[in-house]
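Morning, everyone. I'll talk through cores, cavities and domains, in that order. Please have the model up on your screens.

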Amino acid sequence: MKIAIHGRNFPESARPYIQSMFEELARRQTEVIISKGYREYLDNTGVAHYSQATYTVEEGVSDADFIFSLGGDGTLLDAVTHVGARQIPIIGINIGRLGFLATVAPASVRLMIDALFNGQYTIDERSLVSVRSTQDIFGNLPFGLNDFTITRTQTSSMITVHSYLDGEFLNSYWADGLIISTPSGSTGYSLSCGGPVLLPQTESFIITPISPHNLNVRPMIVMDTCQLAFEVESRSGNFLAALDSRSYTVDTSVRISVQKETFKARLVKLSDDNFLNTLRSKLNWGWDIRN
């Protein structure tokens, strides 16, 4: 088996679990390839990883059976771009905070590895959002797992986002911005702006305005088979376009279209990993000191 590994900085409390993970992979004679930046971090922190093989973020992972993401949901979003259309299964080890996507606890890493080698897992396919524009904004990574957002810059006032659904005019949103969220991203930025939670397999996008000027404007759910298009007006002449954690300043002359990507992200789920359980635990549903 060949495992790719990507991660970010971790607290000292997580060190024993990460070291244990590498020792377990070495014991099983697993071929390991580590993202270049993360391997440098491991070397600097003294974690023995028993591997000399690395890959760069630019080239991504070309061949592996799985890719381990060590961090929070943001790290897993990075891993999605590292595999892209190759659709290598991703498993998120939650060394971050909330963890809707990265659901494996550090203390369960050895059990997780055992489950992978014994085939005791399922693959959860998640739809991605794809962005096209009249100017190359996101290079060769025009896709994201969570959401695409159009927002005002820090120095600009409210913007107007003229929106079209399959070529028909939908609405002009006077707001701080607009979020186009996948079901996976429904528990992220969209949720904090009043958007609904969708089950991961729901075949829809959520259009969520950010601080709209008109209070009767609410989030809207549309089928993900449609194509959305946007034109932006801004007094500053530009706006911010963000795809998951990657953001760029864009001129208002740029026209943008959004649709579902042709490939998907494949997330590994273990037997005890349940989305409804995750919702209840992460959002504290039903938690009340009176109970």
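Which residues have the most contacts inside the largest nonpolar core? They are Ile5, Ile18, Met21, Phe68 and Met112, in a core of 28 residues.

Ground rules first. This is a predicted model, where local features need pLDDT of at least 70 and side-chain atom pairs count only at pLDDT 80 or more, while totals for chains, interfaces and linings use all residues. Residues are numbered from 1 along each chain as its sequence is written, and side-chain values use heavy atoms, with hydrogens and water left out.

Back to that core. By nonpolar core I mean buried Ala, Val, Leu, Ile, Met, Phe, Trp, Tyr and Cys residues joined through side-chain atoms within 4.5 Å. Buried is under 20% relative accessible area, with a 1.4 Å probe and protein chains only. Several elements supply at least two residues each, including strand E1 (2-7), H1, strand E4 (66-71) and helix H4 (109-117). H4 gives the largest share, 5 residues. Helices and strands here are DSSP runs: H or I of at least four residues, E of at least two, numbered from the N terminus.

Now Met21. Leaving aside neighbours within four places in sequence, Met21 is in contact (heavy atoms within 4.5 Å) with Ile5, Phe68, Leu70, Ile93, Val109 and Ile113.

Met21 also lines the second largest cavity, together with Tyr17, Ile18, Leu70, Ile93, Ile95, Pro106 and Val109. A cavity is a set of points on a 1 Å grid over the protein atoms alone, where a 1.4 Å probe fits but cannot get out; lining residues have an atom within 4 Å of a point. The volume is about 30 Å³, meaning the space filled by probe spheres set on the points, which are joined across faces, edges and corners. Helix H1 (residues 15-27) gives the most to this lining, with 3 residues.

How many cavities of 30 Å³ or more are there? The structure holds 2. Phe100, Leu101, Arg126, Pro183, Ser184, Thr187 and Phe275 line the largest cavity.

Finally, domains. An automatic or database assignment sets the bounds: domain 1 (2-121 + 270-283) and domain 2 (129-262). Each supplies at least three residues to the lining of the largest cavity. The domain centres, over C-alpha atoms, are 30 Å apart. The contact takes 12 residues from domain 1 and 13 residues from domain 2.

How values were computed. On a 1 Å grid over the protein atoms alone, a cavity is a set of points where a 1.4 Å probe fits but cannot get out, and a pocket is an open set with protein on both sides within 12 Å along at least five of seven lines; lining residues have an atom within 4 Å of a point. Buried means under 20% relative accessible area, exposed over 50%, partly exposed in between (1.4 Å probe, protein chains only).
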